[in-house]
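Me: Hi! I'm new to reading structures and have one open here. Could you go through it with me?

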Amino acid sequence: MSQVPNARVEAVYFSSAGGETAVSSCLSAPIAIECARTTTNDFCRSPTADTRHPKRQAENIVYAHPFSYHRAGSLLEASELLQQLGEEARLIAGGQSLIPLMKMRMVRPSALVDINFIPGLSEIRCSDGQLRFGALARHADIEESDAASSIPIVQDCAAGIADVQVRNQGTIGGSLAEADPSGDWGAVLLTLETSVRCSRPSGERTIALDDFFKDAYTTVLGHDELISEIIVKQPAKNSAGAYLAFKRSAPVYATASAAVQLTLGDSDTCKDVRIVLGCVGLTAIRAKEAEKTLREKKLEKKRIDSAVEAVRAAAEPQDDMRGSADYKRVLIAALVKRAIGIAARRARGEQVEAGHEYVGR
Amino acid sequence: MAKTTRVKNKRLKAAAGSGKSRATGAPKWVGQPIRRVEEDRLVRGKGIFVDDQKLTGMLHIRFVRSSYGHAKITRVDVTKAAALPGVVCTLTGAEVKGLVKPFIEIGPDVGQKIADYPMAVDKVVYQGEPVAAVVAENRMAAEDAAELVEVEYEPLPPVMTAEDALKEGSLVHPGMGTNRNWHGVFEYGDMEKAFKQADHVVHIDRLHFHRFSSTPLECNAMIAVWDSRSERIEYWSNNSFPSFAAQFLSPALGVRIDQILMKSFDIGGGFGIKITNYPYMALCALASRKAGDRPVKWTETRTEHMQASAHGNERTFLDTRVALDKNGVITAIDSRHVDDCGAYPRYEPLGCVIWAQVLPGSYRVRNIRIDMNQVVTNKCPVGPNRGYSRMQQLWFLERVLDICGHSLGIPTDEMRLRNYIRKNEMPYETPNGCVYDSGDYAGMLAMGKTLVGWDDWKRKQAAAREEGRWIGLGIGSTLDSGTNNFGQARIINAGAPFSGQSKAAIAKLDIYGEVVISMGSVPQGQGHETTAAQVVADVLGVSPGHVKVKPGFDTEQNAYTGHTGTYASQFAVTGLSAIHGAATKLRKEMSRLAAWALKAKEKDLEFGVGAQGPEVRDKRSKKSINYWALANIVNVNNAGMPEKLWDVTLNCRHVYHAPFQLPDVKKKFGNLTLTYAAQIHVAVVEVDRDTFQPKILAYACVDDCGRAINPRIVEGQVHGCTAHGIGAALMEDCAYDGDGNLLASTFSDYTPITAMNMPDLLYGHMESPSPFTFNGAKGMGEGGAAPVHTICAALQDALYSKGVIINDSHNTGDSIFLAVQRAGTGGFASSVRIEHRRAAGRSAR
Ligand SMILES: Cc1cc2nc3c(=O)[nH]c(=O)nc-3n(C[C@H](O)[C@H](O)[C@H](O)COP(=O)(O)OP(=O)(O)OC[C@H]3O[C@@H](n4cnc5c(N)ncnc54)[C@H](O)[C@@H]3O)c2cc1C
């Protein structure tokens with residue numbers, strides 16, 4: 001809240017709703033939903049990088065505004081519920097982004113549509129050179145899946161998101177739908193051929209991830225539209241990546257993160273490369289200039305240095321408690337440089353540990 | 001050269017004498033690393049915390065808080081909130097003003113002109129200050145209603161730094177007429193002579209110790225019932241110094257102190273920060289009375305805790321001059337310190353003298369002049385925070401040592417050895433009359449260096465430098481002064497009606513022969529139940545399992561004095577002395593009783609455990625009587641008891657008085673604390689050339705707290721203190737922006753340290769028993785923020801050659817990046833200056 005000059009909590013408090021609907025008591029509802037209004041577990045989250053979005057105004061509150069609870073049995077039913085319940089209704093998956101925001105009353109949905117009970121939505125499958133993640137696949141499930149271990153960059157990402165509690169509960173679909181500028185999945189999956197399968201009553205569509213994010217916290221999804229599956233093309237044998245995120249501590253978003261996927265050609269030339277920067281813009285940023293300096297070139301120090309220079313220029317960070325904009329440019333450049341090195345070694349077949357870095361270690 | 005001064009303090013001599021005579025017989029349980037008895041309960045979720053308490057008819061209070069750091073309140077309207085179903089009543093500042101007197105102020109003169117009401121009346125002076133409250137049937141209704149309270153403000157220019165405060169442009173409390181709430185000069189020795197004779201003088205413009213806090217897992221919590229029939233206010237709270245809180249609450253609420261009943265339960269951490277939650281206790285009581293005597297509960301949220309509980313003191317050190325001889329021995333220090341206590345002093349300005357407990361740190365320097373100032377600013381009020389007020393002074397001295405060492409080309413370990421107080425100088429009287437009881441700082445440093453592998457790292461460091469890497473080795477020497485003499489408050493305010501230090505305990509043999517110890521201490525994880533049982537077990541010849549210890553404050557059931565609480569590293573001394581005294585009295589009564597019952601002589605009796613449990617035996621006749629039988633005689637079967645035993649109650653209270661005298665207020669001279677535990681940490685830190693992130697490559701902690709009652713607990717405290725300190729040094733910062741907004745009001749921004757950030761700790765322990773305590777123990781819970789000093793020292797070592805001066809206690813990749821950049825453009829030269837006064841060579845190697 002506080003780093004945003006205009007986002008001071010309003011001097012006069014208003015209530016937006018009448019407040020007569022209470023959460024329905026549903027015995028088997030996911031724990032997260034119970035947390036929203038019935039326990040005192042008050043983990044608070046402050047706004048992430050974006051400063052323009054009015055929804056990011058923290059208030060010092062731990063109980064959500066009253067809302068009604070609905071459980072969907074199928075994708076179609078979820079969409080229909082969203083239509084019936086109107087613009088103020090929201091889907092809930094793992095609740096790891098939504099619940100904290102609700103508890104701080106930074107968002108006040110009038111109704112929640114729970115998709116956790118839709119059958120078959122958390123599967124992780126591998127077929128026809130494609131990896132398919134059900135929208136409800138939890139970060140922890142992905143971390144442990146065989147599918148993920150075949151793509152190192154996916155493993156780097158899944159294993160480092162927040163802490164165990166968040167990884168057990170948070171979903172890949174929710175993460176993409178949330179479109180947090182600091183979300184890890186967005187940055188990582190943009191380095192791969194990724195598409196998002198979406199479903200709504202009028203039919204299905206598959207959207208390339210490159211076209212999916214519109215702005216911070218904003219995607220192309222319609223109000224009644226759900227992510228059902230995330231499809232990733234299995235990279236070629238000579239292709240590998242690395243994801244390096246620098247974090248102050250485990251349960252917070254990264255200060256900056258670098259995702260690099262590199263395809264090696266003969267004699268150490270870079271056949272293809274994708275470089276994506278996380279946390280340093282309103283959405284994850286493809287550093288296309290940096291990619292250009294490496295593509296079809298030999299991976300030499302000089303070239304890498306100029307790619308890193310291009311990365312610095314491509315980043316659009318802002319000052320906040322995680323660091324100054326100037327520093328974040330330095331950091332993102334360092335992370336990309338390291339990620340290129342690790343990706344290249346992995347592409348050559350080496351086993352290299354990588355992932356998240358923390359203050360002090 | 002430092003002169004060894006002989007300790008003249010009569011009371012200390014007496015204490016030292018009695019300590020020796022009483023410490024006879026090798027203890028069986030004291031000194032053992034037994035498991036904490038409270039662990040099982042706490043780990044299994046069976047602890048009882050305030051929030052677990054649910055009383056019939058209990059209501060919930062919710063505070064509406066200021067979003068501004070400094071603003072006039074132009075309107076508060078609670079009508080909409082009051083109309084919400086479930087709301088029972090509301091409170092506003094104007095109303096509260098009519099119901100209470102402002103809290104007493106410890107400071108003299110201008111300090112007395114502060115009107116500290118528990119709720120903002122006409123203006124708010126820090127972000128998060130309560131401006132209204134809503135009391136409702138449940139927390140949800142209270143939160144919904146709080147949102148409906150309408151408050152309008154007219155912003156005022158906020159005072160956000162100590163230097164700004166001194167400019168007196170905007171005043172936090174206009175009634176004071178100034179922002180400086182305390183000023184005093186602490187001067188000892190002959191400054192003029194020392195500077196005249198100096199071979200080198202080092203000038204340091206500005207050093208800054210940042211604002212951080214403790215982040216107890218459990219935030220503040222309390223329940224208040226103002227019962228108009230019994231005319232009592234009953235509190236269940238996690239305040240960690242309830243007898244102090246009661247002394248503030250009683251005049252404010254206009255009730256006698258015996259009308260205030262305090263109880264505490266398990267507490268999920270405190271670190272001092274919960275001492276000053278009494279303004280909320282006042283508000284909860286008022287709310288309870290207004291709600292028709294119904295219990296009112298407040299459980300603080302984390303953001304409330306970050307914004308409006310208490311932070312640690314921030315301190316700026318200006319215009320420092322250091323005199324050194326040709327060997328790098330510091331002969332004088334002259335400096336101006338400005339402490340920032342936030343919006344209301346509350347426990348302050350005690351911090352303006354408490355640092356003087358460690359005036360020269362671990363060093364022999366005898367000429368010192370500190371011009372001490374404290375200012376109010378538009379930030380959260382401070383409260384005593386682990387290492388309270390001394391860590392700032394120790395950090396300052398450690399920076400002085402390192403900057404001087406580097407400036408003169410003297411290695412930092414050597415610099416310390418040349419300046420440390422020697423083992424054979426103990427007990428050592430400091431220039432201001434404090435008596436360091438015992439210690440071997442050079443020995444501790446040697447142990448720390450061995451643990452970390454200093455010489456090996458020196459070689460690695462040299463090799464790494466060749467590769468252009470930045471590796472630094474750092475030492476942090478700290479003192480954890482424990483058992484404070486409240487008489488030092490007189491140095492702050494000559495009229496302050498408190499001094500000395502005491503603790504009370506009751507040892508009882510209950511009706512069925514149970515040994516029950518009650519004390520009013522307020523443990524928050526320090527293991528009092530365990531160490532108390534160890535001490536009693538040794539006195540009575542039983543095992544700790546036979547001793548039931550009742551911790552927590554309880555006005556009606558447990559023992560207490562006006563000093564009772566958990567603060568100032570003292571339980572091992574004051575608490576255990578009281579318990580030892582009470583248990584000794586009980587043993588004496590049991591002996592008399594047993595001698596009569598067994599027809600034996602007291603000197604022939606021995607205490608132990610027999611077939612029928614704990615018993616007293618006659619060594620001659622081999623007859624014995626067990627505890628049940630003894631208790632039975634006094635409590636339920638006493639018709640046959642001879643009159644000479646009628647004074648035996650088996651319910652023995654003992655008050656321990658620390659051997660203190662009043663300090664000399666004019667000279668600011670006297671013994672301010674009884675014991676001085678020490679911690680010396682050694683770290684190796686590398687600053688990543690690309691990310692500028694500091695990485696801890698090796699970390700060693702050596703502690704000496706005299707006789708350790710329970711080494712396992714001591715080591716746990718060292719780990720906790722180390723984590724807290726590393727967090728403070730690298731991660732945690734209660735930073736504000738210029739408008740008065742706290743930038744770290746959630747854990748996502750404050751980032752308290754987690755296991756992921758911790759290095760492996762190498763641990764070493766030494767024992768220099770205190771001659772002033774019956775058991776040779778010293779308090780040690782605070783730890784003096786050793787890692788803050790140590791990490792700064794290592795960073796200084798890594799970056800001195802780059803021209804960087806580490807002048808802040810908080811360092812991040814970001815700030816290091818900035819510092820390296822600035823150094824490149826000549827920032828260094830302006831902040832530190834060295835005058836070589838004499839021809840004597842600059843190298844003292
Ligand atoms: C303490 C903490 C730290 C965290 N740190 C990180 C971190 O370092 N990196 C990181 O990437 N994330 C982090 N997260 C966020 C976490 O990864 C979330 O799990 C994720 O962002 C959202 O997934 P979810 O399933 O919890 O979604 P929810 O919170 O349930 O929903 C988020 C949003 O997505 C919408 N939504 C959910 N599912 C769908 C769907 N299938 N189709 C359409 N819309 C949908 C919801 O309506 C909502 O608007 C953190 C969270 C916490 C609480």
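Me: What distance separates the centres of domain 2 of chain A and domain 3 of chain A, taken over C-alpha atoms?
Reply: The two centres are 20 Å apart. Before we go on, this is a predicted model, where local features need pLDDT of at least 70, side-chain atom pairs count only at pLDDT 80 or more, and totals for chains, interfaces and linings use all residues. Residues are numbered from 1 along each chain as its sequence is written, chains are lettered from A and ligands numbered from 1 in the order in which they are written, and side-chain values use heavy atoms, with hydrogens and water left out.

Me: Okay! Which domains does chain A have?
Reply: Chain A has domain 1 (12-114), domain 2 (124-233) and domain 3 (239-358). Those bounds come from an automatic or database domain assignment.

Me: How many residues do domain 2 of chain A and domain 3 of chain A put into their contact?
Reply: Domain 2 of chain A gives 25 residues and domain 3 of chain A gives 25 residues. Contact here means heavy atoms within 4.5 Å.

Me: And what area do they bury between them?
Reply: About 2000 Å², with 56% of it on carbon and sulfur atoms. Buried area is the accessible area (1.4 Å probe) that two parts lose on being put together, summed over both. On the domain 2 side, D156(A), S182(A) and T191(A) supply 26% of what that domain buries against domain 3 of chain A, more than any other three residues.

Me: Switching to chain B: how is it divided?
Reply: Into domain 1 (50-156 + 220-299), domain 2 (183-213 + 310-487 + 662-843) and domain 3 (502-657). The centres of domain 1 of chain B and domain 3 of chain B are 40 Å apart, taken over C-alpha atoms. Their contact uses 17 residues from domain 1 of chain B and 15 residues from domain 3 of chain B. Together these two domains bury about 1200 Å², 53% of it on carbon and sulfur atoms.

Me: What about chain B against chain A, how many residues are in contact?
Reply: 57 residues of chain B are in contact with 48 residues of chain A. About 4600 Å² is buried between the chains, and carbon and sulfur atoms give 52% of that. M140(B), E147(B) and M756(B) supply 15% of the area that chain B buries against chain A, more than any other three residues.

Me: New topic, the ligand. Which residues come nearest?
Reply: Of the 31 residues around the ligand, the nearest are L91(A), G95(A), Q96(A), T171(A) and D184(A). A residue counts as near if one of its heavy atoms lies within 4 Å. By class, the shell has 17 nonpolar, 10 polar and 4 charged residues. For those classes, Ala, Val, Leu, Ile, Met, Phe, Trp, Tyr, Cys and Pro count as nonpolar, Asp, Glu, Lys and Arg as charged, and the others, Gly among them, as polar.

Me: Which element gives the largest share of that shell?
Reply: That would be α8(A), with 4 residues. Helices (H or I, at least four residues) and strands (E, at least two) are DSSP runs, numbered from the N terminus.

Me: Where do N and O atoms pair up with the ligand?
Reply: A backbone N or O atom of L98(A) is 2.8 Å from a ligand oxygen atom, and one of S175(A) is 3.4 Å from a ligand oxygen atom. A polar side-chain atom of Y253(A) lies 3.1 Å from a nitrogen atom of the ligand.

Me: Which peptide bonds are cis in chain B?
Reply: One is from E348(B) to P349(B), with omega near 5°, and another joins M426(B) and P427(B), with omega about -10°. P349(B) is in the loop between β14 (330-340) and α11 (351-354) of chain B. P427(B) is in the loop between α13 (412-419) and β16 (428-429) of chain B.

Me: Why point those out?
Reply: Because most peptide bonds are trans, and most residues other than glycine have a negative phi. E296(A) is in the loop between α10 (288-294) and β15 (297-298) of chain A.

Me: Last one: what does D325(B) touch?
Reply: Not counting residues up to four places away in sequence, D325(B) touches D199(B), H200(B) and T331(B). D325(B) is in the loop between β13 (314-324) and β14 of chain B.

Conventions: Polar contact = N/O pair within 3.5 Å; in protein donor to acceptor, adjacent residues only side chain to side chain.
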